[in-house]
Amino acid sequence: MEPILEVKELSISFTQYSRGTMQTELPVIRSLSLTVAPGQVVAVVGSSGSGKSLLAHGILGILPYNSHRAGELFFLGQPLTQERMEQVRGKEMVLVPQGVTYLDPLMQVGPQLWKGSRDGTHRKRSRTALARYGLGEEVEGLYPFELSGGMARRVLIATAAMEQPRLVIADEPTPGLDARSARRVLGHFRELAEGGAGVLLITHDLELALTIAHRVAVFYAGETVEEAEASDFAEGRLRHPYTRALWNALPQNGFTPIPGTQPGPGEVGEGCPFAPRCPRQGPECLGKVPYMEWNGGRVRCLHPEGETV
Amino acid sequence: MNHWNGRKRAVILLAAALLVLCGVAAAGALAADQAAATDFTRKNLAPSPAFLFGTDWMGRDMLARTLTGLSLSIRIGLLTAAVSALIALCLGTLSATLGGWADGAVSWCIDLVMGIPHILLVMLLSLAFGKGFAGVVAGVALSHWPSLARVIRGEVLQLKGAVYVQTAEKLGVSRLRIARRHLLPHLLPQFFVGLVLQFPHAILHEASITFLGFGLSPEQPAIGVILSESMKYLTTGKWWLAVFPGLSLVGVVLLFAAIGEQLRRMWHPASVHQ
Amino acid sequence: MKHRLIFTSKKLLRMALLLLGVSLAAFLLMCASPLDPLQTNVGQAALGTMSQEQLDQLEDYWGVNDPPLQRYLGWLGDFIRGDMGTSLLYRQPVGQVIGQRLQNSLWLMAFAWVVSGVLGLTLGVLAGANRGKLVDKAVRGYCLLLSSTPAFWLGLVLLVVFAVWLGWLPIGLSVPIGMDAASVTLSHRLYHAILPALTLSFTGVAGIAMHTREKMADIMESDYVLFARARGESARSIVLRHGLRNVILPAITLQFASISEIFGGSVLVEQVFSYPGLGQAAVNAGLGSDLPLLLGITVVSAAIVFGGNFIADLLYGVVDPRIRRGAARG
C-alpha cells in the first residue's frame with residue numbers, strides 16, 4: 001500500500017547569532033526519516049527539547065522565516081514542496097496542536113471552526129464534528145477561555161475531523177490531562193486512523209504512545225535513532241540503546257533513569273549523539289553512523305541489540 | 001558564512017553615528033565665538049557656498065549658530081537623559097524590591113506624572129526652577145523617568161520571580177550577591193538602552209521648551225531660540241533661518257534614535273535569530 | 001455586574017486621587033518658583049492698571065504670608081465649588097477662559113486624534129503583518145524620522161511651504177485678522193485650522209504606529225496564528241480575521257493614551273500658528289506667571305487624560321470577552 005507520508009533525511013536548521021556578530025547555522029533536526037501508512041498511527045517519541053514540534057511545522061510548511069529545510073518529503077506518493085504544503089494543509093493534511101493557546105482568544109469557537117466561510121456546509125461539517133466528540137451546538141458560542149482543558153482538546157480534534165484528512169499530525173495532544181481523558185483523546189486519534197487516515201503522533205510520553213500506536217519512531221537530539229513496531233516493545237525486540245533506556249525508565253519497567261543529559265542543538269558532533277551516555281559505545285561511534293534496516297525495524301547504531309535477519 | 005550580516009552593519013553604523021555626534025559637539029564648541037559675531041555688511045544672506053546655512057538679520061553665520069546650538073542640545077540631552085535614567089533605575093528597583101506601600105507610592109507617582117501632558121509638566125518644572133539653564137535641565141530630567149521606571153520595575157519583578165533567583169534565595173545567598181550576580185547583568189542592558197532612547201526625547205523637549213520661551217535664554221544660540229526667532233522673518237521669505245537649523249536638529253535626534261534602536265534590537269533576546 | 005460596578009468606582013476614586021495629586025504637585029511647583037507672580041511676572045504694567053481692590057484680591061489669593069498648604073486648601077475649596085479663580089492675563093474667570101479656549105482646541109485635537117489614530121493603526125498593522133519586508137522597513141523608517149522631528153519645526157516648514165511659498169493657506173490664527181467675530185463662518189475656521197491640524201496629526205502617528213507594529217508582530221508569532229496557517233487560512237484572512245481582532249485591545253489603550261501626546265503637541269503647534277487654543281493660553285499663562293490659569297489648565301488637561309484612560313478601561317470591558325463574559329458569570 002502506498003504510504004501517506006514519507007520523510008527521508010529531513011533536516012531543519014536555524015540561522016542565528018552565536019557570539020557578537022558571528023552568524024551560525026544551528027541544526028535542530030538533522031536526519032529524520034519515517035513513513036506513515038494509511039490507517040496507521042505512527043508515534044514520534046522524544047524527550048522535550050528535542051525539536052519534535054518543528055517536525056510538524058516542517059511537514060506543514062509553517063516554519064519560522066529564519067529556518068532552513070532540507071531533505072525529501074512525499075505526500076501520497078508525490079513530492080511535498082512548499083507550494084503543495086500550502087495547498088493541502090488544512091484540507092488533506094491537518095494539525096492538531098497542543099492546547100487552547102492555539103485558538104484565537106477573542107473569537108468564538110464556531111467562527112474559528114468555519115475559517116471565515118459563511119456557507120452552510122462548513123457549519124454542518126463543524127456541527128457533525130463537534131457532535132462526534134460529545135460537544136453540543138452551544139460550544140460554538142463559547143470563547144476559548146470558557147473551555148475546560150478536555151473540551152479544548154476535543155474542539156481542536158474537531159477542527160481536524162471536519163476536514164476528512166488523509167494525514168493527521170498531532171503535536172503533544174495530551175499534556176495537562178489526567179490519565180483517563182488522555183487515553184480518551186488518544187482514542188479519538190485511533191478512530192481517525194481506523195477511518196483510513198494516517199496519524200503522526202508527536203509526543204514525549206512513550207507509555208501513552210504505545211497504547212495506540214502501530215509504529216514508533218524514537219527521536220534523540222534531532223535524529224530518528226530507531227523505528228520499531230509497537231509490539232516490539234512488549235516483546236523485548238528493541239534495537240537502539242536509547243530506546244532500551246527509555247523503555248527501562250518507565251515506572252512498570254523499573255524506573256531506571258538514564259545518566260547524563262540530551263545534548264542541545266549545536267552541541268552534537270558528527271558521531272552518534274547518544275554515545276556519551278551509551279553503555280555499548282566504542283571509539284568508532286565518533287564517526288558517521290548509518291541508518292539501517294535491522295531486525296524488522298530500522299536503527300541508527302553500530303552496536304544494536306538483537307540479530308539481523 | 002555570511003560575512004556582511006545585520007549585526008556587523010549595525011556595529012559600523014553605531015560607530016559612524018557616534019563619530020558624527022562627537023564631531024558636531026566639538027565643532028559647535030569651537031564655533032561658539034563665530035556664532036555670536038555680528039556683521040551688518042552681510043545681513044540676511046541666502047545660503048551660498050560662503051555661508052552654507054545663510055546669515056540672519058544681524059549678519060551672524062547660521063551654520064556656526066546651528067552647530068553651537070546642536071552642541072548645546074547634545075550636552076543638555078546627555079545630562080538630562082542620564083539624570084532621568086538614574087531616577088528611573090532607583091525608583092524602579094526600589095518599588096519592585098520593597099513592594100507594599102513603597103511600590104504603591106511609586107506607581108501612583110508614575111501615573112500622576114504621566115497624567116500631566118508632557119510639555120505642560122516640563123513647563124511647570126522649568127518655572128519652579130526659575131527658567132534658564134537650570135530650569136530646562138530640571139524640567140527635562142525630572143519629567144522623563146516614568147516610562148523607563150515602569151519598564152525597570154517590571155523587569156526586576158520578573159527577575160525576582162525567576163526560578164534561579166528564588167533558588168539562590170533559598171540557598172541563603174546574600175541579597176547583595178543576588179543583586180550583583182543575577183539582577184544586574186539582566187538589568188544593565190535594559191537600563192542602558194533605556195538611557196540611550198531617552199536622548200532623543202530629552203533633546204526634542206529641550207528644544208521645544210526653549211522654543212516656547214521657558215528654556216534657555218534668548219542670548220544663547222540654542223536651536224529652540226533660533227527657530228523661535230526665525231518665526232518673525234519667515235513671512236518675509238527668509239526660509240533658511242528655520243529650515244536648516246531644524247533639519248540639523250532632526251538629523252542629530254535621528255542619529256540618537258537610530259543608535260538606541262540598533263542597541264535595543266541587538267540586546268533583545270530574540271535578535272539572535274535575525 | 002456588581003463586579004464591574006466595584007471596578008468602575010475603584011477606578012473613579014483612583015482618578016480623583018490622582019487629580020488631587022496633580023493639582024497639589026502643580027501648586028507646589030508654582031509656589032517653589034522663584035518668579036514672584038505679583039511683581040516680576042504679571043509685570044509692572046499689568047499691576048499698574050489694576051485697581052486696588054483687584055490687587056488686594058490678588059494678594060489675598062496668593063497670600064504671600066500664608067503657608068503654601070493653607071493657600072492650596074483655599075484654592076481646593078473654591079475649586080470644588082466650581083471656582084477656579086480669576087485669570088490675571090485675561091481678566092476673566094479661569095473657567096470661562098478655559099471653556100472658550102478648549103472649544104477652539106477641541107476641533108484641532110479631535111481631528112488630529114482621529115487621523116493619527118487611524119493612520120497609525122493602519123501603518124502599524126501593515127508593518128507588523130509584514131515584518132522584515134519592505135513595507136515594514138519603510139514604515140519603521142518613516143516613524144523614526146517622524147518621531148525625531150519636533151512638532152513645532154514641522155509646523156514651521158509647512159507654514160513656509162503652504163502659506164508663504166504657495167500661498168494656499170493662511171499664516172495663522174483661527175480667524176482672518178481684523179474680521180468681526182460675528183461674520184466669521186465655519187469655513188473660515190476650518191480654513192485656518194487645516195495647517196495646525198495637519199501638523200498635529202503627523203506628530204501623533206509615529207508612536208501609535210510603532211507600538212501597534214510591535215503588538216501585531218507578536219500576534220503574528222502567536223500559537224493561534226500558527227495554527228490558522230496550519231489550517232490553510234490565507235495570509236490576508238489571518239491579518240483581517242485574527243490580527244485586527246487581537247490588535248484592537250492594545251490599540252484602544254494606545255489611542256486613549258495618545259491624548260496626552262496630542263495635547264502636548266497642541267501646545268507647540270498652537271504657538272507656531274498663533275492659534276488661540278488652550279495650549280497657547282497655557283504658554284501665555286506660564287510666561288506671564290498667570291498662576292490661577294496655569295493651574296486650571298493643568299488640572300483640566302490632566303482630567304482629560306485620566307478621563308481617556310478611564311474610557312479605555314471601560315471599553316476593554318465591552319470589547320474583551322474575557323472581562324465581559326467573565327464578569328457576567330462571576
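1. Start with the helix crossing in chain B: α5(B) passes α9(B) in a right-handed crossing (right-handed if the near helix is turned clockwise from the far one by less than a right angle, left-handed if anticlockwise). Helix α5 covers residues 118–128 and helix α9 residues 175–212 of chain B. Helices here are DSSP runs of H or I with at least four residues, strands are runs of E with at least two, and both are numbered from the N terminus.

2. This is a predicted model, where local features need pLDDT of at least 70 and side-chain atom pairs count only at pLDDT 80 or more, while totals for chains, interfaces and linings use all residues. Residues are numbered from 1 along each chain as its sequence is written, and chains are lettered from A and ligands numbered from 1 in the order in which they are written.

3. Back to the geometry: the axes of α5(B) and α9(B) come within 10 Å and cross at roughly 70 degrees. That's why α5(B) counts as roughly perpendicular to α9(B) (65 to 115 degrees; under 35 is roughly parallel, over 145 roughly antiparallel, the rest oblique). The axes are lines fitted to C-alpha atoms over the stretch in contact, with angles from 0 to 180 degrees between N-to-C directions.

4. Who touches whom? From α5(B) it's I119(B), V122(B), M123(B) and S126(B), and they meet H205(B), S208(B) and I209(B) of α9(B) (contact: C-beta atoms, placed from the backbone, within 7 Å). By class, that's four nonpolar, three polar and no charged residues (Ala, Val, Leu, Ile, Met, Phe, Trp, Tyr, Cys and Pro are nonpolar, Asp, Glu, Lys and Arg charged, the others, Gly among them, polar).

5. On to the B–C interface, with 38 residues from chain B and 40 residues from chain C. On the chain B side, α4 (100–115), α5, α9, α10 (223–234) and α11 (240–267) each supply at least two residues. The largest share, 10 residues, comes from α11(B). That side has 28 nonpolar, eight polar and two charged residues.

6. Chain C itself has 14 helices and zero strands. Of its 330 residues, 44% count as buried (20 or more other C-beta atoms within 10 Å of the residue's own; 12 or fewer is exposed, in between partly exposed; C-beta atoms are placed from the backbone). Among contacts in chain C with a separation of 6 or more, 77% join residues 24 or more positions apart.

7. Last, chain A: strand β6 (residues 93–96) points M93(A) and L95(A) one way, V94(A) and V96(A) the other, and all are buried. β6(A) pairs with β7 (residues 167–171) in the parallel sense over four bridges (pairing takes at least two DSSP bridges). The bridge partner of M93(A) is L167(A).

Notes
Contact = placed C-beta atoms within 7 Å.
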